[in-house]
Amino acid sequence: MNTTTYMSDCAESLFNISSDGLWESLKSPDVVFGYSLPLLEIQMLLIFIFISYVPQTHRHFPDCFLHDRPQLFDVLGKSSGKLSMDPAFDGNATLRSISVFGTIMFTFLMTVRTSRRGAFSSGKLPVVIGTLSFFAPLFGLTFKNLFSDSIDSHYMTPETALGERIVIVITQSSILLPSTTYILLELKILNSEIGRLAMSACVINDILGIIAIVITSVQATYTNISHMTAYRDAIAVVIFVLIVFLVFKPIVQWIINQTPEGKPVKKKYVHAMTLAALGSSYYSMLFNFKYVLGPLVIGLIIPEGPPLGSALEAKYEKLTMNVFLPITIIVSVMRCDGIRIFSEFNHIVYNVFLTVLTLILKLIACLAPCLYFKLPLNQSLAVSIILSYKSFSDFVLYESVLDDKYISQATYAFLIIYSLINAGIVPVVIRSLYDPKRKYLNYQKRNILNLEPSSDLRILTCLHKPENISHTIAFLQLLSSPNLDLPIVVTVLHLVKLVGQINPIMISNNKKSKGIHNNSYIHTANLAFRQFMLESLKSVTVTTFTAFSYEKMMHEDICTLALDQTSSIIIVPSGRTWTIDGMFESDDDAIRSLNLSLLDRAPCSIGILIDRGHFSRKRNVTSQKNYTINVCVIFIGGKDDREALSVVKRMKHNPRVHVTVIRLLFNQEDFKTTEDIKNVDYTERVVTSSIEVASIVRLLDGEHDLMVVGRDQGMASPDLSGLTEWVQLPELGVIGDLLAAKELSSKVSVLVVQQQKQA
């Protein structure tokens with residue numbers, strides 16, 4: 001047993017730190033609560049159990065926090081005087097200290113991961129929304145003196161009550177970045193048009209909020225402490241900002257420049273950044289500012305993403321989000337005494353009115369500019385409601401003003417409950433107003449089958465890894481031809497997993513963008529596609545983009561770009577890779593999941609390329625005058641097979657491509673396709689069962705370099721039902737799955753085509 005003695009002027013106190021566990025006294029097992037360390041561990045354990053329970057009920061009962069009042073099964077009541085070395089302190093000081101540390105780290109990491117550039121490069125609308133949404137709700141301050149004569153001086157002095165009203169308006173005017181990010185991620189619309197708009201507007205609002213925090217802190221010091229102290233604090237914050245931007249920022253840039261591309265930042269620099277954030281927090285408190293101000297400013301000058309931003313995220317993000325942040329949230333909620341809302345409702349009823357008024361003003365401030373810039377009404381409403389969302393991040397703000405005694409316990413409880421109800425209602429409303437799939441419902445035919453002969457073939461192709469470059473170019477060369485009357489317009493999209501930052505960004509590589517051209521992989525890819533365009537003798541034009549996005553939301557970027565570029569088909573790599581001799585190597589589940597999402601909502605046709613690298617290597621090692629690529633399309637029936645046939649029809653104009661069409665007939669039915677199949681080898685084969693289909697398909701793979709198949713044969717293939725239950729890769733369909741099977745030792749590449757799903 002460890003015991004610490006605390007000596008004071010009047011008495012000597014003993015503090016037990018660790019115990020022998022429950023076995024110390026079987027008759028009285030609660031003796032464990034007499035020791036500080038076990039008590040802290042029990043509190044943390046209960047917090048994590050509670051956090052695990054909340055997600056199951058929060059969607060249906062947004063006020064579920066209210067059922068567990070501050071005592072946490074009376075553990076907090078028993079903790080008084082046991083978790084602190086100073087008897088004068090609250091017994092929960094250790095837990096509160098962990099909570100504060102969690103807030104500091106969360107604020108620091110969130111600021112580092114937020115793209116500041118995106119806020120000012122998205123046009124005028126987010127700037128207008130961010131500015132109006134900050135200033136317009138402050139109009140509610142004109143009502144702060146209303147009914148001031150009815151303030152009960154026995155409950156709260158009139159000066160304190162008026163100050164509380166000011167705090168209500170200011171806190172409800174704020175739009176916190178973590179809250180906005182959380183709701184957009186939950187609804188999976190962070191990459192959408194309104195998601196990007198809301199994020200950019202939120203950053204603008206937060207910047208204004210930081211300035212307001214500094215001004216109000218200095219004003220409060222000027223009024224409540226002394227004029228000289230206020231001047232000192234103002235000078236201190238100016239010096240701090242100058243040091244951060246003139247000294248610390250160049251150091252950060254030097255660290256980034258010293259780190260080789262693709263290599264991690266040295267650990268000592270990562271630790272130095274964290275210590276700087278913690279030290280800046282102490283500096284802020286030393287001069288009467290909120291302890292989050294310093295970490296927030298430090299985070300602003302650290303560039304998001306690799307190498308430094310991603311290193312900080314990898315080091316501290318999971319610890320902060322999974323350990324410290326839950327403690328921070330629960331400690332805030334444990335201070336909420338819901339009973340006081342009812343017992344003291346007459347005293348806080350005007351605060352409830354101001355909360356509703358500020359909400360209405362904020363909604364109008366966000367809605368008006370959206371409508372002025374001709375955003376559809378449902379999207380305008382969605383943006384306005386998203387920016388009015390409240391979540392756990394707001395708890396920290398409420399707790400801060402409670403600690404400073406700007407608001408009462410009853411008002412604090414109301415704000416917590418209001419935020420919980422808000423968090424439960426807003427997602428439901430947003431889902432009813434905005435469906436991201438809706439904009440992809442295209443009533444125009446965007447496929448190759450219905451493409452006019454003289455029209456450009458517009459292709460969007462996606463790259464995940466360096467090896468995708470040669471495979472994609474080799475495939476695009478099959479579609480190109482010396483005939484300038486058959487041009488193809490290629491849009492290349494580099495998909496990069498978002499690391500070390502929050503905001504998804506899409507950048508045109510044809511424009512100068514700092515950081516993008518320093519990426520050797522993207523630079524190499526751009527050069528390769530440029531060379532491909534030059535070799536195509538003006539029959540091909542290429543435009544390249546880079547999207548930094550979450551893996552689960554990349555389909556939004558792809559579909560949006562396909563819509564903007566009026567693409568007829570999207571070409572994406574499959575998640576399955578092979579060795580050079582055609583043996584199975586690995587599966588990428590993230591890419592496979594992305595492809596399934598694309599198949600569900602793509603605004604045009606889509607092709608999944610399973611490339612074993614044979615025909616791309618054949619192009620490189622064989623004399624350019626002699627090599628021929630053998631392409632075979634298997635036709636059974638259905639719109640996907642017809643789209644596959646249309647793709648191959650474009651390839652036949654390339655003199656180096658030899659096309660073969662294999663028609664599989666069930667029960668001797670007629671071949672009723674209207675496709676032009678001149679200048680190709682055409683063969684019909686009669687099949688009677690799914691087993692026979694599988695045998696024929698696998699025999700064909702050794703005769704060709706590329707097989708093109710439809711994903712779904714529809715009603716034309718009743719006898720394929722026996723193969724469906726054995727499909728391992730549903731995104732490839734029955735025939736595609738046969739040709740991409742792990743056990744199939746082959747060198748043939750496969751393109752699986754799905755025609756546009758017509759709205």
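Of the 759 residues in the protein, 53% count as buried. The model is a predicted one. Its accessible surface amounts to about 35,100 Å². Carbon and sulfur atoms account for 60% of that surface. The secondary structure comprises 26 helices and 15 strands. Among contacts between residues at least 6 apart in sequence, 78% join residues at least 24 apart.

Eleven strands form an open sheet with mixed pairing. The strand order is β5-β6-β4-β3-β7-β10-β15-β14-β11-β12-β13. The edges are β5 (505–508) and β13 (681–687), each of which pairs on one side only. From one strand to the next, the twist averages 20°. In general, strands of a sheet pair through backbone hydrogen bonds, either parallel or antiparallel.

Helix α19 spans residues 520–535. It lies across β3 (457–463), β4 (488–497) and β6 (540–549). Its direction makes an angle of about 165° with β6. Helix α20 covers residues 554–564. It lies across β3, β4, β5, β6 and β7 (569–573). Relative to β4, helix α20 runs at about 160°. The edge strand β5 is thus among the strands that α20 lies across.

Technical notes: Residues numbered from 1 in each chain as written. Predicted model: local features only at pLDDT ≥ 70, side-chain atom pairs only at ≥ 80, totals over all residues. Heavy atoms only, no water. Pairing = 2+ DSSP bridges. Helix = DSSP H or I, 4+ residues; strand = E, 2+ residues; numbered from the N terminus. Axes fitted to C-alpha atoms, helices over the stretch in contact; angles between N-to-C directions. Contact = heavy atoms within 4.5 Å. Buried < 20%, exposed > 50% of the residue type's maximum accessible area, 1.4 Å probe, protein only. Areas by Shrake-Rupley, 256 points an atom, 1.4 Å probe, with all protein chains shown as cover.
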